[in-house]
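Work through the exercises below with the sequence and the coordinates open beside you. Each task is followed by a solution that goes step by step.

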Amino acid sequence: MINRTPVPGDAADLAVFAGTSPYEDYVHASVLGSLQQPFTDAPDEMGFLVTTQVMELWFKLIVHEWRAACDAFAKQDLPAALDALERSRRAHLSLNASWTPLAALTPVRFNGFRAAFGKASGAQSVRYRMMEFLLGEKSDAILDAHRGDPVEHSELGEHLHAPSLWDEALHYLHSQGHEVPQAVLQRDVTQAYEPDEGVVEVWRRIYRGPQHDPLLRLGELLTDIAESVERWRTDHLLVVRRAMGARPGSAGTSGLDWLDRRARRRVFPELWTVRSDV
Ligand code: HEM
């Protein structure tokens, strides 16, 4: 038997656990690792499944941060709102980077497992819809599609009925003396937000004013987020075009055309309008 002198940093330095490790108790890595169950042996399916699950986790974190920002706005705590938005901005960059493993999927490779998942589609992602609702893109029809799943339906319903991140930011601006139109402040928050000229005017004043105004920083952070969401949608479109061309989608849409129209929606439209005339 060889007598080894322990080397600092050796695995032997690690403790032996009586039961599951504290890491396992905290991270639940074994639960997480049990969730990848491909339907085929196609070489690209595991990457597709893992990427989709990773994106679901980023959606979850982004929803969490945007809700934290909403709560902070409601308490008129701008520093806490900016912190949460900054965390979400960074999470969204990682979400967008997650497209990499799927970016070069060819139609033949995608077809190796596509039929196996049947009618499943990212269009059915509840956490993605929570993000959309938080952006003000509310839709009764989308909520209704999930009525067969009471738990998800109820959680998504809460997001439909709550003010969006944009609604909360506008209420905050109003509380700081900016004249956000009453019709916008009292709008039915369950409906999709429609851009408003009075809101453009509020941002125009902020953007023309002192360049170190924290409210201008808020506008820029929201613009970063809008840009990141639009980039995610554009990258998704490119992945789809590359992997399946103009074939219909698994959820029953026309596929590329349908996604193209949806990817052209502006997020926080007034923040883009204002850039033409300040
Ligand atoms: C090879 C990769 C992918 C392809 C070919 C693809 C294809 C499609 C298609 C055709 C649609 C339109 C709806 C339908 O009829 O199915 C769609 C929607 C969607 N997909 Fe993907 N997808 C891919 C990867 C992903 C991933 C990894 C996610 C992450 C969760 C995702 C999330 C979504 C979402 C959220 C929608 C709804 C978009 C909207 O409502 O505007 N997709 N996808």
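A polar contact is a pair of N or O atoms within 3.5 Å, and within protein one of them must be able to donate a hydrogen and the other to accept it, while residues adjacent in sequence count only if both atoms are side-chain atoms. The model is predicted, and local features need pLDDT of at least 70, side-chain atom pairs count only at pLDDT 80 or more, and totals for chains, interfaces and linings use all residues. Residues are numbered from 1 along each chain as its sequence is written, and side-chain values use heavy atoms, with hydrogens and water left out.

**Exercise 1. Describe the site of the ligand and the residues of its shell.**

Step 1. The ligand sits in the largest pocket. The elements that each give two or more residues to the shell are α3 (45-74), α6 (126-134), α12 (214-244) and α13 (256-263), where helices are DSSP runs of H or I with at least four residues, numbered from the N terminus, and strands are runs of E with at least two.
Step 2. A pocket is found on a 1 Å grid over the protein atoms alone, as an open set of points with protein on both sides within 12 Å along at least five of seven lines; a molecule sits in it if more than half of its atoms lie within 2 Å of its grid points.
Step 3. With five residues, α12 gives the most to the shell.
Step 4. There are 28 residues around the ligand, of which S121, R129, H236, T253 and R262 come nearest.
Step 5. Sorted by class, the shell has 16 nonpolar, nine polar and three charged residues.

**Exercise 2. State how many residues of α6 are buried, and describe what lies at its start and after it.**

Step 1. Buried means under 20% relative accessible area, with a 1.4 Å probe and protein chains only.
Step 2. By this criterion nine of the nine residues of α6 are buried, among them R127, R129 and E132.
Step 3. At the start of α6, a side-chain oxygen of S125 comes to within 3.1 Å of the backbone nitrogen of Y128.
Step 4. G136, which follows α6, has a positive phi, near 100°.

**Exercise 3. Is S164 buried or exposed, and which residues is it in contact with?**

Step 1. S164 is placed in the loop between α8 (150-161) and α9 (165-175).
Step 2. Its relative accessible area is 1%, so S164 is buried.
Step 3. Contact means heavy atoms within 4.5 Å, and, leaving aside neighbours within four places in sequence, S164 is in contact with C70, F133, L134, L135, G136 and K138.

Note on methods
Near = heavy atom within 4 Å. 1 Å grid on protein atoms, 1.4 Å probe; cavity = no way out; pocket = protein on both sides within 12 Å on 5 of 7 lines; lining within 4 Å. Nonpolar A, V, L, I, M, F, W, Y, C, P; charged D, E, K, R; others polar. Buried < 20%, exposed > 50% of the residue type's maximum accessible area, 1.4 Å probe, protein only.
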